[in-house]
Amino acid sequence: MSTFLVTGGAGFIGGNFLHIMTKKHPEDRYVCLDALTYAGNMETLEPIMGLSNFRFVKGDIRDREIVYKLFEEEKFDYVINFAAESHVDRSIVNPTIFLETNIIGTSVLMDACRKYGIKRYHQVSTDEVYGDLPIDRPDLFFTETTPLHTSSPYSASKASADLLVLAYHRTFNLPCTISRCSNNYGPYQFPEKLIPLMIQKALRNEKLPVYGDGKNVRDWLYVGDHCEGIDLIVRNGRDGEIYNIGGHNERSNLEVVTTILNALGKDDSLIEHVKDRAGHDRRYAIDPTKIETELGWKPTYNFDTGIKTTIEWNLQNQEWLSHVESGEYQNWMKKHYGE
Ligand code: NAD
Ligand code: TYD
C-alpha cells in the first residue's frame with residue numbers, strides 16, 4: 001500500500017487521474033491538495049468523495065506551512081504535481097501567477113519531498129516547453145532531447161519548473177520523473193480550452209472563434225491515455241528521466257472545429273476567424289517512442305473515438321458545464337460544508 005499526493009486534482013487532468021486510479025489501485029491511498037482556483041471544481045471530485053482511499057485537502061502548493069503539515073501527517077510515498085495555471089491566453093494577460101504557481105509552487109513541493117523523504121516526485125509537464133514545429137515539415141517531432149524553446153509565459157513557466165526538477169534531482173538526488181504530454185481532451189475539461197469551448201458554442205448556435213487562419217496543429221490525446229502514461233512512469237519509470245506522451249493524432253484547429261460541427265449537425269458558417277493569439281505556436285507533434293518501448297504505453301483512443309466520447313460526455317453533463325459557466329461550482333464547498 002502506497003500513499004500518493006495528487007496536487008491540482010480538482011482540475012481537468014488531475015480529476016480524471018483520481019477517478020481512474022482510486023478504482024484501479026484500491027489498495028493505495030490518494031490525497032488531493034488543490035487551491036480551488038477558478039479551474040478547480042469540487043463537482044468534478046463528487047463521484048469519488050466517499051471512497052475510503054481518497055481524501056481532499058483545500059490548500060495552495062505555494063503555502064509551505066500547509067504543504068509541510070500535510071507531508072508530516074500523510075507520510076507520502078509518491079507526489080504527482082498536476083497543480084498549475086494552465087491556460088496560454090490567461091498567461092498572456094497575467095504572467096505573474098503562472099510564475100508563482102508553476103515555478104515557486106513546484107519548488108515548495110520538492111522542498112517538502114526533501115525534508116520528509118519520498119519514493120518519487122513526478123512533474124506533469126507539457127510538450128509546449130519545446131516551442132513549435134513548422135507546418136510544412138510533417139517529418140519533425142518533439143523527442144525528449146529536443147531543446148527547450150518556449151513561446152508563451154505559460155510554457156516558459158512550465159519549462160522553468162522542469163529545469164528546477166532536474167536540478168533537484170542532480171543536486172539533492174531527489175528521485176523524480178517528468179512527463180511532457182500533448183494537448184488533452186475529454187470529460188471535465190474547463191470550457192475555456194478549444195474543444196469544450198467549441199462544443200458549448202456550437203450547441204448554442206454561437207460563433208466559433210478560430211484564432212488566425214486556423215491552420216495551427218495540435219497533437220490531441222484523450223485524457224485517460226495521458227493518466228495511464230503517468231501511472232506507468234510513476235511506478236516503473238527511471239529516476240531523472242523525461243517521458244513524452246502523445247498518440248500521433250495531429251489535427252489543425254479548423255479540422256477539430258469542423259469535426260465538432262459535423263458531429264452536432266451544425267453548419268460550418270458558425271466558424272468565425274478572429275485575431276490571432278500573440279506568439280501563437282504553429283504545430284505540436286510528439287514522438288512517443290521512449291514511453292512505448294521502455295514502459296509499454298499505448299493509447300486506447302484515437303482522435304475519432306476520443307472526440308466522439310468527449311462530445312457525448314459534454315452532451316450528457318450540461319449541468320456540470322452550466323455550473324462552470326455560471327460560476328455556481330465555486331459555491332460547492334459552502335453548500336456542502338458551510339463556511
Ligand atoms: P486545470 O487548469 O484544469 O487544473 C489545474 C488545477 O490546479 C485546478 O484544480 C486548480 O485549482 C489547481 N491549482 C492551480 N493553482 C494551484 C495552487 N497554487 N495550489 C494548488 N492547486 C492549484 O489544468 P489541467 O488541464 O488539468 O492541467 C494539469 C497539468 O497538466 C498542468 O500542470 C498542465 O501544465 C499539464 N498539461 C496540461 C495539458 C492540457 O492539454 N490540458 C497538456 C499537457 C500538460
Ligand atoms: P488551447 O485549448 O487553449 O490549448 P493550447 O493553446 O495550450 O494548445 O488551444 C488549442 C488551439 O486552439 C490553439 O492553437 C489555440 C486555438 N484556439 C482557438 O482558435 N480559439 C479559441 O477560442 C481557443 C480557446 C483556442
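A residue is called buried here when its relative accessible area is under 20%, exposed when that area is over 50%, and partly exposed in between. By this rule tyrosine 188 counts as buried, because its relative accessibility is 13%. The model in which this residue sits is a predicted one, and the paragraphs below go from the chain as a whole to some of its residues.

The chain contains 13 helices and 13 strands. Its C-alpha atoms fill a box of roughly 55 × 50 × 35 Å, when the box is taken along the principal axes. A compact globule of 339 residues would have a radius of gyration near 20 Å, and the 19 Å of this chain agrees with that expectation. Buried residues make up 56% of the 339 residues.

A pair of aromatic rings is described by the distance of the centres and the angle of the planes. Rings count as a pair if their centres lie within 6.5 Å, and by this rule the count comes to 20 aromatic pairs. In one of them, the ring centres of phenylalanine 4 and tyrosine 78 are 4.9 Å apart and the planes meet at 20 degrees, so the pair is stacked, since planes under 30 degrees apart are given that name. This pair links distant parts of the chain, for phenylalanine 4 belongs to strand 1 (residues 3–7) and tyrosine 78 to strand 4 (residues 78–81), 74 residues apart. Both phenylalanine 4 and tyrosine 78 are buried.

A further pair is formed by phenylalanine 17 and phenylalanine 82, and it is tilted, with 5.3 Å from centre to centre and 50 degrees between the planes. Here too distant parts of the chain are linked: phenylalanine 17 lies in helix 1 (residues 12–24), whereas phenylalanine 82 lies in the loop between strand 4 and helix 4 (88–93), 65 residues apart. Phenylalanine 17 and phenylalanine 82 are both buried.

Most residues other than glycine have a negative phi. Leucine 36, although not a glycine, has a positive phi of about 55 degrees. Leucine 36 is found in the loop between strand 2 (29–34) and helix 2 (42–45), and it counts as buried because its relative accessibility is 18%. Tyrosine 188, the residue from the opening paragraph, likewise has a positive phi, of about 65 degrees, although it is not a glycine. Tyrosine 188 is found in the loop between strand 7 (184–185) and helix 7 (194–203).

Three further residues show how their surroundings are put together. Asparagine 253 lies in helix 9 (residues 253–263) and, at 10% relative accessibility, counts as buried. Not counting residues up to four places away in sequence, asparagine 253 touches Leu194, Gly214, Asn216, Arg218 and His280.

Threonine 177 lies in strand 6 (residues 176–181), and at 0% relative accessibility it counts as buried. With residues up to four places away in sequence again left out, threonine 177 touches Arg120, Tyr121, His122, Gln123, Ile233, Arg238, Glu241 and Tyr243. Threonine 177 and asparagine 81 are 96 residues apart in sequence, and their C-alpha atoms are 11 Å apart in space.

Threonine 143, by contrast, is partly exposed, with a relative accessible area of 25%. Threonine 143 lies in the loop between strand 5 (120–126) and helix 6 (153–172). Leaving aside its neighbours within four places in sequence, threonine 143 is in contact with Tyr130, Asn244 and Asp287. Between the C-alpha atoms of threonine 143 and glutamate 72, which are 71 residues apart along the chain, the separation is 38 Å.

How values were computed. Residues numbered from 1 in each chain as written. Chains lettered and ligands numbered in written order. Predicted model: local features only at pLDDT ≥ 70, side-chain atom pairs only at ≥ 80, totals over all residues. Heavy atoms only, no water. Helix = DSSP H or I, 4+ residues; strand = E, 2+ residues; numbered from the N terminus. Rg over C-alpha atoms; globule rule 2.2 N^0.38 Å. Buried < 20%, exposed > 50% of the residue type's maximum accessible area, 1.4 Å probe, protein only. Phe/Tyr/Trp six-rings, centres within 6.5 Å; stacked < 30°, edge-to-face > 60°. Contact = heavy atoms within 4.5 Å.
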